[in-house]
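Hi everyone, thanks for making time. Please bring the model up on your screens, and we'll walk through a few spots together.

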Amino acid sequence: MRIVMLNPVLGEAFGTERVLADSTAILRRAGHKVFLLGDEVRGQVPDSDGYHLIPGLHGARLLMWPTRVRRLMDLAFAQIEKFKPDVVHLLDQYDFRFMKELCDRYRVVMTAHLVSATCPASARLIPSGGGCEYPSGWSCLAHHQKQNCLWCFNGTRARTVAITELLLRRRSLKKAKAIFMISEYVRETFLRDGWPKEQLRLVYNPVEVTPVLPVKEVPNKLIFVAARLELYKGIDIFLEALKQIESEEWVAWIAGSGSREADFKELAVKLNLEKRVKFMGRLPYLQVRGLMAACRVFVQSNRGPEAFGLSVAEASAHGVPVVITDVSALDEMVEHGVSGFVEKDTAGVARAMKKLLNNEPLCARMGKAGAELIKKRFSAEIHLDQTMHAYRAVTGIGDETENELKKGSISAF
């Protein structure tokens, strides 16, 4: 089968970019052809059957000059047409005009790596904590008055434009053959937002355990966090939990960057933890994986939900016990008391970390259980099976047809 995948960033990054690289590798190992289309490259482009960059394609917006949008669309269609795809696979949302025309020309699927198709602010997060459970649309303006959920937009005009774009993109995506749900939380969110059940297909992200770079001089009792330094990631919860166990032996390293970095560093100083907590900034992906594999405990203390929780799944896949807060979809990655701890509050996170720091046999037992759990739910084989089942359903191309295509008895174009 021939697949074109579109994502704004191609390369070695985190989240969606990591999934794109892994999924491309899995599909190509199974004999499929994958062409990549993006706006920019960061690091090394994943091995593929070709790629092309169209800077600005993902940045097309409602208020952009129409001729500029048309020019970007024409460049994209010219590249897609060269590859003659059976499926065009979006890993992010694009301008509504582009997605509508894509759906008219090709069999289109999209992976909902975020719940952005159900929220003008792309996240369904309430700044004070938790996730929004209201259907999205013009009612979001009223919800914003109560919960400040559209805080990222500067003024009513900007919020109005964002909601208009949401509704236009939704209308375009309703023409897609399928929307891939990467967790039960995402699926429930889309259903609650009024998306048709038959369009939604559960396709988990693949979590592959690949060799990692050895990390020198890692402290014996290292507690590690890898996250964007934003409010909803709950780094303040993590720091306050560390304060509650300051009498214990531990060192904490935090990898990541974000708009709240200065605030979290200031909090560490205020809690008198600056000598034991190291903010490492944004690190290369392989170095993060190496630290994950080497740490005693991995922590993700979110205030709000995640669409999947890839870092938690990766830490578990490396046999490391994890401590998380009880939010979606992190709770789908961890079995409480078996592969880690799912806690309600700061005190719970502190107790869980203390328990793991002082009990190596428990760490080993939970780490082994976590690796088995991730392999059972999110292996490359499961991802390939779910992906190909969905592709075949939308294209009508089955195993027999694919075999004939490979033999050359049926034209691949």
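Let's begin at Ser 301, where a polar atom of the side chain lies 2.8 Å from the backbone oxygen of Gly 234. A polar contact here is a pair of N or O atoms within 3.5 Å; within protein, one must be able to donate a hydrogen and the other to accept it, and residues adjacent in sequence count only if both atoms are side-chain atoms. Before going further: this is a predicted model, in which local features need pLDDT of at least 70 and side-chain atom pairs count only at pLDDT 80 or more, while totals for chains, interfaces and linings use all residues. Residues are numbered from 1 along each chain as its sequence is written, and side-chain values use heavy atoms, with hydrogens and water left out.

Back to Ser 301. Is Ser 301 buried or exposed? Ser 301 counts as buried because its relative accessible area is 3%; buried means under 20%, exposed over 50%, and partly exposed in between, with a 1.4 Å probe and protein chains only. You'll find Ser 301 in the loop between β13 and α10 (310-317). Helices (H or I, at least four residues) and strands (E, at least two) are DSSP runs, numbered from the N terminus. Leaving aside neighbours within four places in sequence, Ser 301 is in contact (heavy atoms within 4.5 Å) with Lys 233, Gly 234, Ile 237, Phe 238 and Thr 325.

Now to the sheet. Six strands form an open sheet in the order β12-β11-β10-β13-β14-β15, with parallel pairing; two strands pair if DSSP finds at least two bridges between them. At the edges are β12 (277-281) and β15 (340-343), each pairing on one side only. From one strand to the next, the twist averages 20 degrees. Helix α9 (residues 285-294) packs on this sheet, touching β10 (222-226), β11 (251-255), β12 and β13 (297-300), and its direction makes about 145 degrees with that of β10. For such angles, axes are lines fitted to C-alpha atoms, for helices over the stretch in contact, and angles run from 0 to 180 degrees between N-to-C directions.

Have a look at β10 itself. Why is β10 described as largely enclosed by the rest of the structure? Because five of its five residues are buried. In a regular strand the side chains alternate between the two faces of the sheet. In β10, Leu 222, Phe 224 and Ala 226 are buried on one side, and Ile 223 and Val 225 are buried on the other. With β11, β10 pairs in the parallel sense over five bridges, and Ile 223 stands opposite Ala 252 there.

Phe 224 comes up again in the largest nonpolar core, which has 70 residues; Ile 179, Phe 224 and Phe 298 touch the most other members. Such a core is a set of buried Ala, Val, Leu, Ile, Met, Phe, Trp, Tyr and Cys residues joined through side-chain atoms within 4.5 Å. Helix α2 (residues 66-83) gives the most to this core, with seven residues. Apart from it lies another core, of 33 residues, including Leu 239 and Ala 350.

One last stop, at Glu 360 in helix α12 (residues 360-378). Glu 360 counts as exposed because its relative accessibility is 53%. Its C-alpha atom is separated by 20 Å from that of Ala 241, 119 residues apart along the chain.

Thanks, all!
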